[in-house]
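Q: I'd like to take a close look at one part of this model with you. Could you walk me through it?

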Amino acid sequence: MASLTIRKLDDAIRDELRLRAARNGRSVEDEVRVILREASQHRPPPAVSATPEVSRVRSDADAGLPRVTLIIGGGIAAYKALDLIRRLKERHVHVRCVLTRAAQQFVTPLSASALSNERCYTDLFDPESEFDAGHIRLARDCELIVVAPATADLMAKMAQGHADDLASAILLAANRPILLAPAMNPLMWNHAATRRNVAQLERDGVAMIGPNAGEMAEAGEAGVGRMAEPLEIAATAERLLRPPQPRPLAGKRILITAGPTHEPIDPVRYIANRSSGKQGFAIAIAAQAAGADVTLISGPVDLDDPAGVTVKHVESAREMLHRVEAALPVDIAICAAAVADWRVANEGEQKLKKTSAGMPPLQLVENPDILATISKLPDKRPRLVIGFAAETENLIDNAKAKLARKGCDWIVANDVSPASGVMGGDRNTVHLLTRDDGDTGVDIRIESWPVMTKEQVATELVADPRPRAARAGAHRSYDCATTGLRGADPSALRPRIEARCHRAELAGHG
Ligand code: C5P
């Protein structure tokens, strides 16, 4: 049955099967049985792929994760390297282990494989992985190499450029950053030879963590030589893998309004706009992540306060305005709240009762327009004021009119017709209308963005520092014909908000 199936397979798959079988030391028929058994147990079999074993073994769950090749050296601290595997994995790092011969005296390849959920490598002359120079791939098919414990012997070999076993060959072939966690007896650590080797490795650009001072495994001995704790090593590895993000809005104060306002009719009823607050909250989170000092003034919403953001909860438009004024001055104001345009003048002190004459008449008075108010402030006007225009029809025309009427700098226009699903949903389709380039002769510039999550809209709006061309797909279309946009965008290399503030500073505004 198996041979019949194999003969019928096309050449490429048959070749892959043979390769896979050879690597796993099985006959082709046995390999097929293993694949079928795994499939019947609903475990996806490892992909049959032309990519060699060492580079293709990442599971689907690990796809996209940063990868570490962890070389475990031969010292008593090797047992802590097993914990390090777990600490790295809980930080969403894909780990592949290499054990030196000496390390196998302390821990087994099986333990390392089980914890890393990966094949463990031990032998430079392993026909299963070296048929195509697997040590080169182990050195390069990762973002970081960690050596823990880094023994005196392994460090001496590194400093001298030896390559007589798998670990040292990987370290010599590496073109990735290397982090060593030395561990040895204090006398070995302080020996002149080790000092020379450490100095050489530091000159070679190798990073080190530890060793720490403390008791040695050897009874009665103490000093500097204990391997750094797995948590410390994992944290250092994470810093090397994921360097802190730039904080382009550091030092900027941003005020954001979000959510609806509730305008009481009586103690139990109110007037409100539909608004989940999700877009405003997402902007607050993105601005905070970009380093801004964010104050979020929110109407009643069902969302958690974002960490690191000053949140003021309000009910009505008048309360919101009061809080906004108290938060000034700021560099940037973003009014994403769906403020109710009217409130009830004759708010009932008690619950209004149905009468035979029908509904009691409600007298409505206009609420203060918060966006227009802060856009027209004579002295405390933020350098950049951004409003939203949620429209169900004539989106762009209405948004343009709003930009002019309210006196803000930018308007984020979005279609909130019931068919768009924006209201309360997680996605948004927006057009950004900007009026900020007096010197280029541009009146209003319109960018139409594709459908994005509200988080993506927020990130794009506040803090995307990449040049436009480098952003995922040049997805924005400029309505050049109607706006007369010309020339290169001067903010292309800056986060858009920061760029706008910078230009305002140069122009002496605000
Ligand atoms: O006039 P309209 O409500 O469509 O304008 C929407 C924009 O104006 C939004 O940015 C909203 O936060 C803001 N706005 C405001 N105060 C109001 C009404 C709207 O800040 N009273």
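At what angle do helix 5 and helix 13 pack, and how far apart are their axes?

A: Happy to. Keep in mind that this is a predicted model. Helix 5, residues 78-90, packs against helix 13, residues 230-241, at an angle of about 45 degrees, and their axes are 9 Å apart. Angles under 35 degrees count as roughly parallel and those from 65 to 115 as roughly perpendicular, so helix 5 and helix 13 are oblique to each other. Their crossing is right-handed.

Now for the residues that meet there. Helix 5 brings Lys80, Asp83, Leu84, Arg87 and Leu88, while helix 13 brings Pro230, Leu231, Ile233, Ala234 and Ala237. Sorted by class, this contact has seven nonpolar and three charged residues, with no polar ones.

Five strands form an open sheet in the order 2-1-3-4-5, paired in parallel. Its edges are strand 2 (94-99) and strand 5 (207-208), each of which pairs on one side only. Further in, strand 3 (residues 144-150) and strand 4 (residues 178-182) run parallel and are joined by four bridges. Helix 6 (residues 109-116), for its part, lies across strand 1 (67-72) and strand 2, and runs at about 175 degrees to strand 2.

Note on methods
Residues numbered from 1 in each chain as written. Predicted model: local features only at pLDDT ≥ 70, side-chain atom pairs only at ≥ 80, totals over all residues. Axes fitted to C-alpha atoms, helices over the stretch in contact; angles between N-to-C directions. Helix = DSSP H or I, 4+ residues; strand = E, 2+ residues; numbered from the N terminus. Parallel < 35°, antiparallel > 145°, perpendicular 65-115°, else oblique. Left-handed = near helix turned anticlockwise from the far one by under 90°. Contact = placed C-beta atoms within 7 Å. Nonpolar A, V, L, I, M, F, W, Y, C, P; charged D, E, K, R; others polar. Pairing = 2+ DSSP bridges.
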